[in-house]
Amino acid sequence: MYPLRLIAMLEQVDPSFRDLFYPQKLRCPLEKRIVRAIEEHWPVFFPTQKDYRGSNWSGTLPENKPLYRPHPESERKLAQWKKNIEGTIAEFRAYRADVSWTRFITICAAIPRLRYLLNDFKPLADFLINEESFWPNHGRAVREDDYFKGQMQAVFSPNSPYRFSDPKRLQLLESDKSVREKILMIWLMHQLLDRPLMILAILQQCAKNEGYWLFWLPIQNHIAAIVKMPTPLTFRKTWLEHAMQVSGAIKKSGKSCPRKWARMLVSKQDQDLNLINAKAVEINNWLKGKKQPSMENIRRAGRIIFNSSRLNSTQMEAGKDLWLFSWMITLWLEKHFKEITAGFKGDERKIKTYYRRFFQYLKNNQLAHKD
């Protein structure tokens, strides 16, 4: 997973993140492709002699000399925009010069609205940077054998968690199989840690370190649920059930009570019986996958849980961010499950084995919660 993919996920789930990561004042005032169009002389904008006359044409003038120049005002705006976005995520997105987690986190640390979040998400940032450091960054095309050599060094490095992989997978890497088959196997091993499941596990560590453990859904609950019922909806239902439990929306038997939760989610000014009934029906539709909760409902659930009677103001704000982020990851887990299902061609036994193996990785790397 790369930083740009994470940004895209956040913006898709909650559009307000777009203004956080890419403020309006930093967006290019020109057409969104103008940066590359001007600097790389895209034919559609600024055709060259060669583009205009065809590949067989030759003359005294260089073939790559542009027939048209950008308007001076466009160049001025571009220069000013480049100056404004220097060292920001807008620059990060425009040029993709360095999509490393190290650069992304450094940029976030320079943004006031994001800086305080890094303290709460430090375990996650440390994990992403550490995970990235294992793998070689070639920065150019390399021969297959050289690429494989670097991948093998990463897998078997002293601190590599991949050394705890399934023994059969490790044996394949040392067998007589082709280099291509071995590279594919390394990517299968890599995906096990470089996916939403691991991100959720690290977020769990963030919650534990900051004292939000009582409100957090342990990763074991997700794994146990998906092994029992391997469907993409399982992740969402498990999260919603947990939200009801920690909100206090439970029956005397200890089971979750959607109707009590409905009463909590309806504002105090709108405690009308019809509205509560409608919200209860809506929650049942969430649990059945017929409807997805709005971000406002997720935020409202967070406000119920992280209230002033339990936490101080600083913890309240950070807790709400973790809560919201865990919901986003839960939606991502659903997409991830569909990818896994397609990869295993719907084989339920292999799907369950995949998730069990991930939990074994957590135990080996001491990322699972210890009671």
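Predicted model: local features only at pLDDT ≥ 70, side-chain atom pairs only at ≥ 80, totals over all residues.

Trainee: Where do Trp101 and Phe104 lie?

Mentor: Both belong to helix α7, three residues apart, which is about one turn of the helix.

Trainee: How is the pair of Trp239 and Trp323 classed, and why?

Mentor: Planes under 30 degrees apart count as stacked, those over 60 as edge-to-face, and the rest as tilted. The planes of Trp239 and Trp323 stand at 45°, so this pair is tilted; the ring centres are 4.6 Å apart.

Trainee: Which helices hold Trp239 and Trp323?

Mentor: Trp239 is in helix α15 (residues 233-247) and Trp323 is in helix α19, so the pair ties together parts that are 84 residues apart in sequence.

Trainee: Is each of these residues buried or exposed?

Mentor: Residues count as buried under 20% relative accessible area. Trp239 has 3%, so Trp239 is buried, and Trp323, at 2% relative accessibility, is buried as well.

Trainee: How many aromatic pairs are there?

Mentor: The count comes to ten aromatic pairs. Ring pairs also link Phe235, Phe337, Phe344, Tyr354 and Tyr355 into a cluster.

Trainee: How should I read a nonpolar core, and which residues have the most contacts inside the largest one?

Mentor: A core is a set of buried nonpolar residues joined through their side chains. Here the largest has 80 residues, and Trp261 and Tyr355 have the most contacts inside it. Helix α19 (residues 313-343) gives the most to this core, namely 13 residues. There is also a second, separate core of 13 residues, including Phe134, Val155, Leu173 and Ile186.

Trainee: With which residues is Tyr355 in contact?

Mentor: Leaving aside neighbours within four places in sequence, Tyr355 contacts Leu197, Ile223, Ile226, Val227, Phe235, His336, Phe337 and Ile340.

Trainee: How does one find empty space in a structure?

Mentor: A probe the size of a water molecule is rolled over the atoms, and this shows where empty space is left. In this model the largest pocket holds about 740 Å³ of space. It is lined by 31 residues, and the closest to its centre are Phe17, Leu20, Leu117, Phe121 and Asp321.

Trainee: Which element gives the largest share of that lining, and what kinds of residue make up the lining?

Mentor: Helix α19 gives the largest share of the lining, seven residues. By kind, the lining of the largest pocket divides into 22 nonpolar, two polar and seven charged residues.

Key:
Residues numbered from 1 in each chain as written. Heavy atoms only, no water. Core = buried A, V, L, I, M, F, W, Y, C linked by side-chain atoms within 4.5 Å. Buried < 20%, exposed > 50% of the residue type's maximum accessible area, 1.4 Å probe, protein only. Helix = DSSP H or I, 4+ residues; strand = E, 2+ residues; numbered from the N terminus. Contact = heavy atoms within 4.5 Å. 1 Å grid on protein atoms, 1.4 Å probe; cavity = no way out; pocket = protein on both sides within 12 Å on 5 of 7 lines; lining within 4 Å. Points joined across faces, edges and corners; volume = space filled by probe spheres on them. Nonpolar A, V, L, I, M, F, W, Y, C, P; charged D, E, K, R; others polar. Phe/Tyr/Trp six-rings, centres within 6.5 Å; stacked < 30°, edge-to-face > 60°.
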